Amino acid sequence: KEGKSQTKETLSEDQIPESLFFAHQVTTNACATQAILSVVLNQGDKIELGSTLSEFKEFTKSFPPSLKGVAISSSEPIKKAHNAFGRTDAFLNDGKYISRHAASEDVFHFVAYIPQDGTVYELDGLQSGPIVVSKLSEEDKEDKTKWLSVAREAIQKRMQGDAIKFNLMAVIKDKRLGLKEKIENDPSNEGLVHQLQMEEEKRKQWSLENQRRRHNYVPLCVSILKELARANKLPVLVEEAKERKRQKLERKK
């Protein structure tokens with residue numbers, strides 16, 4: 001269909017629209033946070049940003065992508081939010097910089113797909129600029145969900161042949177907000193109250209899982225190994241582990 005072809009054109013710095021927030025990724029292991037920022041900071045008036053992100057967006061709006069990336073890495077509130085969910089590295093955390101032209105050291109890499117002014121973009125901080133996935137036709141611009149089919153097609157092409165290494169996530173409105181609005185209009189609806197309680201319990205579980213993920217278990221593991229060695233059980237367990245590893249490799253052949 002005319003106006004809907006997938007072009008995959010990478011914009012140069014001079015071609016990036018003023019209204020489009022795009023930043024280079026300049027620190028390791030920050031791609032997930034950067035992908036979320038790419039979505040949130042490109043919503044215009046569709047969402048209400050808090051003071052921190054509003055001030056950050058205003059402060060960096062005239063910056064080139066490289067300086068936007070440096071601003072992200074230098075923002076204390078953003079670093080604090082990122083570290084609150086990041087896994088603690090028990091052995092090494094040197095905060096080194098990476099080149100966006102070098103292969104990422106992340107096991108997985110996050111990119112964002114967003115619509116803006118009739119164009120669907122792929123925003124990847126390791127690329128030189130935003131990638132134009134498709135320009136929508138005038139008819140498709142009127143349909144606020146049409147861009148999703150364009151993004152889905154682009155994502156499916158990336159997934160071909162290696163689908164198990166992909167995960168798809170969406171930035172959405174907190175479900176609790178919508179449920180609370182409905183309960184205000186219908187306080188006696190037990191089904192809505194139950195759904196809200198389930199959402200609250202879900203977040204408590206997420207908080208617990210995050211605490212476990214960030215906890216440093218190395219001292220505990222070292223103590224267990226010392227006690228096993230003191231009881232002369234460690235050599236046997238090591239040999240058993242080697243045998244299980246050998247059997248596992250044999251099954252893969």
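Val-132 counts as buried, because its relative accessibility is 1%; buried here means under 20% relative accessible area, exposed over 50%, and partly exposed in between, with a 1.4 Å probe and protein chains only. The residue lies in strand S4. Helices (H or I, at least four residues) and strands (E, at least two) are DSSP runs, numbered from the N terminus. The C-alpha atoms of Val-132 and Thr-119 are separated by 7.0 Å, at a distance of 13 residues along the chain. The model is predicted: local features need pLDDT of at least 70 and side-chain atom pairs count only at pLDDT 80 or more, while totals for chains, interfaces and linings use all residues. Residues are numbered from 1 along each chain as its sequence is written, and side-chain values use heavy atoms, with hydrogens and water left out.

The chain has 10 helices and 4 strands. Along the sequence the pattern is β-α-α-α-α-β-β-β-α-α-α-α-α-α. Of the 253 residues in the chain, 27% are buried. Contact means heavy atoms within 4.5 Å. Among contacts in the chain with a separation of 6 or more, 63% link residues 24 or more positions apart.

S4 (residues 131–135) is largely enclosed by the rest of the structure, because 4 of its 5 residues are buried. S3 and S4 pair in the antiparallel sense over 4 bridges; two strands pair if DSSP finds at least two bridges between them. Tyr-121 stands opposite Val-132 in S4. S2 and S3 run antiparallel and are joined by 5 bridges.

In S3, 5 of the 5 residues are buried, so this strand too is largely enclosed by the rest of the structure. In a regular strand the side chains alternate between the two faces of the sheet. Both faces of S3 are covered. Thr-119, Tyr-121 and Leu-123 are buried on one side, Val-120 and Glu-122 on the other.

The hairpin of S2 and S3 has 2 residues between the strands. Asp-117 is found in this loop. Its phi is near 50 degrees, a positive value in a residue other than glycine. Asp-117 is exposed, with a relative accessible area of 63%. Asn-232 also has a positive phi, of about 60 degrees, and is not a glycine. Asn-232 sits in the loop between helix H9 (218–230) and helix H10 (234–252). Its relative accessible area is 60%, so Asn-232 is exposed.

The largest nonpolar core has 11 residues, including Leu-11, Phe-22, Val-39, Tyr-121 and Val-132. Such a core is a set of buried Ala, Val, Leu, Ile, Met, Phe, Trp, Tyr and Cys residues joined through side-chain atoms within 4.5 Å. Helix H1 (31–40), strand S2 (112–116) and strand S3 (119–123) each supply at least two residues of this core. A second, separate core of 10 residues includes Phe-21, Ala-23, Val-40 and Leu-49. Not counting residues up to four places away in sequence, Tyr-121 touches several residues, among them Leu-11, Leu-20, Ile-114, Pro-130 and Val-132.

Helix H3 (residues 65–74) has Pro-65, Lys-68, Gly-69, Ala-71, Ile-72 and Ser-73 buried. The buried residues of H3 pack against H1, helix H2 (51–60) and helix H4 (76–85).

A cavity is a set of points where a 1.4 Å probe fits but cannot get out; a pocket is an open set with protein on both sides within 12 Å along at least five of seven lines; lining residues have an atom within 4 Å of a point. Grid points are joined across faces, edges and corners, and a volume is the space filled by probe spheres set on the points. The structure holds 1 cavity of 30 Å³ or more. The largest cavity contains about 60 Å³ of space. Its lining includes Phe-22, Cys-31, His-109, Leu-123 and Asp-124. H1 gives the largest share of this lining, 4 residues. The second largest pocket holds about 220 Å³. Among the residues that line this pocket are Glu-13, Ile-16, Phe-22, Phe-63 and Lys-68.
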